[in-house]
Amino acid sequence: MSIPSSIDVRPPNISKTKGSGKRLKGGMELAMEEKEKQRRTCSMCGKKEKHNKRSCPMLKEMFFGSSLM
Ligand SMILES: [Zn+2]
């Protein structure tokens, strides 16, 4: 049996990993930008309403007006 006379005492090699703070941009901002209000302008009356030129009230008026002549 041999007893180690000198114990090698070394400081623990602690390697600090820098740059572990990850910051991801929330998708909320991106979604907000992409969620731009898609306004459709009616090509019939040119009004920004929820109808299109096919369901434009103006078309009805015109149709009835001309057919009722
Ligand atoms: Zn319209």
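The model is a predicted one, so local features need pLDDT of at least 70 and side-chain atom pairs count only at pLDDT 80 or more, while totals for chains, interfaces and linings use all residues. Residue numbers start from 1 along each chain, following the sequence as written.

The protein has two helices and zero strands (DSSP runs numbered from the N terminus: H or I of at least four residues for helices, E of at least two for strands). Buried here takes 20 or more other C-beta atoms within 10 Å of a residue's own, exposed takes 12 or fewer, and partly exposed is in between, with C-beta atoms placed from the backbone. The average pLDDT, the predictor's confidence in each residue from 0 to 100, is 74, and 70% of the residues score at least 70. Residues 33-37 fall below 50, and this stretch has zero contacts in the model beyond near neighbours in sequence. Where pLDDT is low, the predicted coordinates should not be read in detail.

Helix α2 covers residues 57-67 and includes Pro-57. Pro-57 is partly exposed because it has 13 other C-beta atoms within 10 Å. Its C-alpha is 9.2 Å from that of Met-44, 13 residues away in sequence.

Met-58 is also in helix α2, and it is partly exposed, with 14 other C-beta atoms within 10 Å. Beyond its neighbours within four places in sequence, Met-58 is in contact (C-beta atoms, placed from the backbone, within 7 Å) with Met-44 and Cys-45. Met-58 and Cys-45 are 6.6 Å apart, C-alpha to C-alpha.

Key. Two residues are in contact if their C-beta atoms, placed from the backbone, lie within 7 Å.
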